[in-house]
Amino acid sequence: MSQTRHRRSLTDPDVLAFWRERHICTLTTLRPDGTPHVAPVGATLDPARGLARVITSAGSRKARNVAAAGPDGLPVALCQVDGRRWSTLEGRAVVRDAPAEVAEAEARYAERYKPPRANPERVVLEIRITRVLGNV
């Protein structure tokens, strides 16, 4: 199947509804040696700003992979699956650590999942979405 068949938009009501449902996602980042690292994550979608966010510890492998890419960010893929339904958000991720950005990401996470545990090392992986794929 071609990617064109599965191309979606952040304005697609089915995509938006699927990303509001509670699902665990996978985030694929690239290690400095170019090999993929895939981790289960909770993620939130901010379609108005074209962003997805993942909260994590600054020392996590995924955060270190993104940080190592520098200010232009790292290409990543964020995917969620529910049976035959799936959606992947592709984009460039950067690490955000400003208290206001972390607080916003935590509030969005709490809305979709549950309040996150306290973590003084928390950062946000902010993904500027460049492509939306799926079968929802």
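This is a predicted model: local features need pLDDT of at least 70, side-chain atom pairs count only at pLDDT 80 or more; totals for chains, interfaces and linings use all residues.

Trainee: Where is Tyr113 placed?

Mentor: Tyr113 is in the loop between α3 (99-112) and β8 (122-135).

Trainee: Leaving aside its neighbours within four places in sequence, which residues is Tyr113 in contact with?

Mentor: With that exclusion, its contacts are Arg22, His23, Ile24, Cys25, Val41, Gly42 and Ala43.

Trainee: Is Tyr113 buried or exposed?

Mentor: Tyr113 counts as buried because its relative accessibility is 12%, and buried means under 20%.

Trainee: Turning to the largest nonpolar core, which residues touch the most other members?

Mentor: Those are Trp19, Leu78 and Leu89, out of 29 residues in that core. The largest share of this core comes from β8, which gives six residues.

Trainee: What is Trp19 in contact with, leaving aside neighbours within four places in sequence?

Mentor: Its contacts include Leu78 and Leu89, and Arg112 is also among them.

Trainee: Now α2. Which of its residues are buried?

Mentor: Lys62, Ala63, Asn65 and Val66 are buried in α2. Down the helix axis, the buried residues of α2 fall within an arc of 160°, so they line one face of the helix.

Trainee: What covers those buried residues?

Mentor: The cover includes β2, β3 (36-41), β5, β6, β7 and β8.

Trainee: And which residue follows α2?

Mentor: Gly70 follows α2, and its phi is positive, near 90°.

Methods
Residues are numbered from 1 along each chain as its sequence is written. Side-chain values use heavy atoms; hydrogens and water are left out. Helices (H or I, at least four residues) and strands (E, at least two) are DSSP runs, numbered from the N terminus. Buried means under 20% relative accessible area, exposed over 50%, partly exposed in between (1.4 Å probe, protein chains only). Contact means heavy atoms within 4.5 Å. A nonpolar core is a set of buried Ala, Val, Leu, Ile, Met, Phe, Trp, Tyr and Cys residues joined through side-chain atoms within 4.5 Å. The arc is that of the directions from the helix axis to the C-beta atoms.
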